[in-house]
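This report considers a few residues of one protein chain and the links that they form. Please keep the sequence and the structure in view while reading.

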Amino acid sequence: EYKELKWIAGMFYWIESVQTYNVDGWDYLTELRSFVEGGMTGTSFIDAVSGIVNRGCHNPPCGTGELDGRMERSDNFNKVLDAFFGGVIPQVTAPITVTETSDTSDSLTESNPSSAVSTPIPTRQPVSPSSEAGLVLNSDTFVNLAQALDDSKGDIDSKLFLYLTPDYQWIPSSVYRYDDFFESVRIMASEGVAGKRLYIGEDVEDGHIFGLVNMAAFLAQSMKETIQYDACDENSWDLIGGKYPLSNACGQLGQSYQDYHCSDEEKHMECPVDPNMSITAVTHAKWYGAPGPLFCGPKTEYSFTGIWDHLYECNRPWANPPETCSVYEGQKAGKYDNSAPYANNAGRTDVEGCCWWGRGVIQTSGVCNFGKLNYYLGARAAADGRDSRYPTIDFCKDPEVICSSAEYKELKWIAGLFYWMESVQTYNVDGWDYLTELRSFVEGGMTGTSFIDAVSGI
């Protein structure tokens, strides 16, 4: 008669013990609001809630031991959110509250000016319909392309922008989302960089179809390079003698990113190497024992660096004293070991000047590429009196901004599209011209793999 009782009993517990939980400064409803307003990323909120339910505290281990089934509970949480929101997490800003003032008039003010909007959402710069950018945005080609992308938004977020968890489950990426991707497409198609624009098929009939295939080729690379790892920063993956050198930050497979110089004609664009620059990546790999984030710093800070010991068992609550995996959230094993210097493939043991690892959806790396971003899009352009999309961002002084910016989340895409426009769309070698081959592929019925294989090779 009352089949809902099995749910009522659980909801009663939830209302009484979880919704009211407020211990040591961790308040459930406050943390719930922060999680939603912060974009629903990370696992710290659901891990804390699971701790309350499973062990009676938000920060286990507590009196009853370690949290049981952390990953399974977290994955279940993401599955439910995915089902509720159709794979597209809505953007929510913090509430605005009415406060009393000294006079009789009402004023609408932010409850906390410094944190009212947890993730700042920049206002788009107005575009004149008669401007060059405005003509592109109002063209039938772009309108049709934008509509096709928007119609696929849910599938893009829930079926394409997926990463493989350490438990071998594919779930929506927390780093790469449709809204940021589309903003970058809008910018690069209408404004472009240095006279180059993202190709949307503006020169052919039914051009948006050609533009969509261009983006499909771009996303195919992005899904392989970074999205499947849910990483913006380059992962440390180059094993030397079965070990991960910490100096992989300087370059992997024998490369040296700080020595990726521009040609003589573009030498004036590249970033200078600051030996005192110190940066730690904001993302990293997440597989079992995956190395911690890359970092760089002067020799006065790191006279030498060792390895990431991926075989070290760090989760040992029974040890005396107890040990936990604390380098990064969700860590299963491994630790930094700087007991002795250990060289990368290029022979480096220090990380001085090694702040130029890959970042963004197609891993922009090296002093030349970051310099070009700064020269055309950043502070360098503004300082020279040229138009600048990001006049306050110095990509040479803070290359990590591509991954860390909460205000300009599209940067991780912008960097990749800049490379795409400069190196792929313009590719014409030994009779193989990208745009010609793109058109042939579309007009030939989009069959076979020769086109995408060639693009992947580039």
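Which residues does E422 touch, not counting residues up to four places away in sequence? E422 touches K196 and K372, where contact means heavy atoms within 4.5 Å. The model is a predicted one, in which local features need pLDDT of at least 70 and side-chain atom pairs count only at pLDDT 80 or more, while totals for chains, interfaces and linings use all residues. Residues are numbered from 1 along each chain as its sequence is written, and side-chain values use heavy atoms, with hydrogens and water left out.

E422 is part of helix α13, which covers residues 411-424. Helices (H or I, at least four residues) and strands (E, at least two) are DSSP runs numbered from the N terminus. The relative accessibility of E422 is 19%, so this residue counts as buried. The term buried stands for under 20% relative accessible area, exposed for over 50%, and partly exposed for values in between (1.4 Å probe, protein chains only).

**The surroundings of D350**

D350 is located in the loop between β11 and α10 (366-377). This residue is buried because its relative accessibility is 10%. Its side chain makes a polar contact with the side chain of R348 at 2.9 Å. A polar atom of the D350 side chain also lies 3.1 Å from the backbone nitrogen of E352. When neighbours within four places in sequence are set aside, the contacts of D350 are S247, C250, K299 and T305.

**Disulfides**

A disulfide is a covalent bond between the sulfur atoms of two cysteines. Here the term is applied to a pair of cysteine sulfur atoms within 2.5 Å, and by this rule the count is seven. The table lists three of these pairs.

| Pair | S to S distance | Torsion about the S-S bond |
|---|---|---|
| C57 and C62 | 2.2 Å | -90 degrees |
| C271 and C396 | 2.0 Å | about -80 degrees |
| C314 and C325 | 1.9 Å | about 95 degrees |

The link of C57 and C62 is left-handed. C57 counts as buried at 7% relative accessibility, whereas C62 counts as partly exposed at 26%.

Because the torsion about the S-S bond of C271 and C396 is about -80 degrees, this disulfide is left-handed. The pair links distant parts of the chain, 125 residues apart: C271 lies in the loop between β7 (244-245) and β8 (279-280), and C396 in the loop between α11 (379-383) and α12 (401-404). C271 is buried, with a relative accessible area of 2%, and C396 also counts as buried, at 12% relative accessibility.

Is the disulfide of C314 and C325 left-handed or right-handed? The torsion about its S-S bond is about 95 degrees, so the disulfide is right-handed. C314 and C325 each lie in the loop between β10 (307-309) and β11 (335-337), so the pair ties together parts that are eleven residues apart in sequence. C314 is buried, with a relative accessible area of 3%, and C325 counts as buried at 16% relative accessibility.

Note on methods. A polar contact is a pair of N or O atoms within 3.5 Å; within protein, one must be able to donate a hydrogen and the other to accept it, and residues adjacent in sequence count only if both atoms are side-chain atoms.
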